[in-house]
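Let's take a walk through a protein model, starting from its inside and ending at its surface. Keep the structure open as you read.

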Amino acid sequence: MYKGKRKYIEIWQKVEIAEFYIQHQNEMSMRDVAAKFHVNSFSSISEWVNKLDELKKSVKSDKKLKLESFTQFPELEKELVHWFTAIREQGIQVLRSTIEEKAKSLAAEMGLARFGCGDKWWQGFRTRNNLSFRKINASSIKPIEKEAELVRQYLDDLASLLPQFVPSNIYNFDETRFDWDVKSKFTYDSRELNEF
């Protein structure tokens, strides 16, 4: 359980946390999810799970106002949404951290020194652009163009690298301690195209 400073949790965040717990309940306890999202009491998550439909209705009733909410950086947001759409059309996973890194990069390119990626900005961006956090499924993964070319390039690169290594120092990935698929199960996506 999180023992840090108590913070206000928005209704949309409660929905996100409750849905995350439901999707991960076979892998994570409520206590684990509380720690992950810095929630002071895991019993709060139980309450949000039980009232999930009600919380979703509250978010929808407030949605019109939030969708019209002002953004100080409309050009940055336009470029960010264009990038996000292009990335998701390729079937590439996008997390909040990925979006924030791209936003910071765009802000630097545009010379927007005042731009910051705090919770308030994230909430506004997520709501204005109707983003949802959902589990990736096979139907959402679109084929990568020129896949054969990418495979050939990979094999060429691999062939040039292998002579540098002694065979006894080459391992199958599943023989290492690295978790290859640690973040691959979830992504942000457009709620309009992919409802929960």
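## What "buried" means here

A residue is called buried if its relative accessible area is under 20%, exposed if that value is over 50%, and partly exposed in between. Keep in mind that this is a predicted model.

With that in hand, look at helix H8: Trp 121, Trp 122, Gln 123, Gly 124, Phe 125, Arg 126, Thr 127 and Arg 128 are buried there. That makes eight of the ten residues of H8, so the helix is largely enclosed by the rest of the structure.

## The overall layout

Now zoom out. The protein chain has nine helices and two strands. Read from the N terminus, the order of elements is α-α-α-α-α-α-α-α-β-α-β.

The chain has 196 residues, and 30% of them count as buried. Its accessible surface comes to about 13,800 Å², with 53% of that belonging to carbon and sulfur atoms. What about contacts along the chain? Taking those with a separation of 6 or more, 72% are between residues 24 or more positions apart.

## Rings around H8

The structure holds six aromatic pairs. One of them joins Phe 73 and Phe 115 edge-to-face, with 5.3 Å from centre to centre and 85° between the planes. This pair links distant parts of the chain, since Phe 73 sits in the loop between H5 (63-67) and H6 (74-89) while Phe 115 sits in the loop between H7 (96-110) and H8 (119-128), 42 residues apart. Both of these Phe residues are buried.

Trp 121 and Trp 122 pair up too: their ring centres are 6.4 Å apart and their planes meet at 45°, so this pair is tilted. Trp 121 has a relative accessible area of 13%, and Trp 122 has 1%, so both count as buried. Which residues do the ring pairs link into a cluster? They are Phe 73, Phe 115, Trp 121, Trp 122 and Phe 125.

## Salt bridges

Seven salt bridges turn up in the whole structure. In one of them, the side chains of Arg 126 and Glu 16 meet at 3.1 Å, N to O. Arg 126 belongs to H8 and Glu 16 to H1 (residues 11-24), so the pair ties together parts that are 110 residues apart in sequence. Arg 126 is buried at 5% relative accessible area, and Glu 16 is buried at 12%.

H8 has another bridge to show you. Arg 128 forms a salt bridge with Glu 77, and their closest N and O atoms are 2.8 Å apart. Since Arg 128 lies in H8 and Glu 77 in H6, this bridge ties together parts 51 residues apart in sequence. Arg 128 is buried, at 17%, and so is Glu 77, at 8%.

Lys 56 is in H4 (residues 52-61) and Glu 19 is in H1, so here the linked parts are 37 residues apart in sequence. Is Lys 56 buried or partly exposed? Lys 56 is partly exposed, because its relative accessible area is 27%, whereas Glu 19 is buried at 8%. Elsewhere, Arg 96, Glu 100 and Asp 119 are linked in a network of salt bridges.

Most residues other than glycine have a negative phi. Asn 130 is not a glycine, yet its phi is positive, at about 55°. You'll find Asn 130 in the loop between H8 and strand S1 (131-135), and it is buried at 10%.

His 38 also has a positive phi, near 60°. His 38 sits in the loop between H2 (30-36) and H3, and it is partly exposed at 37%. While you're in this part of the chain, look at Lys 36, which lies over the face of Phe 37, 5.8 Å from the ring centre.

## Out at the surface

Finally, find the nonpolar patch on the surface. Val 151, Tyr 154, Leu 155, Leu 158, Leu 161, Leu 162, Phe 165 and Ile 170 form it, with about 720 Å² of accessible area together. Ile 170 is in the loop between H9 (147-161) and S2 (186-190), and it is partly exposed at 42%.

Key. Residues numbered from 1 in each chain as written. Predicted model: local features only at pLDDT ≥ 70, side-chain atom pairs only at ≥ 80, totals over all residues. Heavy atoms only, no water. Patch = residues over 30% accessible without salt bridge, like charges linked within 9 Å, V, L, I, M, F, W, Y side chains within 5 Å. Areas by Shrake-Rupley, 256 points an atom, 1.4 Å probe, with all protein chains shown as cover. Salt bridge = Lys/Arg side-chain N within 4 Å of Asp/Glu carboxyl O. Helix = DSSP H or I, 4+ residues; strand = E, 2+ residues; numbered from the N terminus. Buried < 20%, exposed > 50% of the residue type's maximum accessible area, 1.4 Å probe, protein only. Phe/Tyr/Trp six-rings, centres within 6.5 Å; stacked < 30°, edge-to-face > 60°. Lys NZ or Arg CZ within 6 Å of the ring centre and 35° of its normal. Contact = heavy atoms within 4.5 Å.
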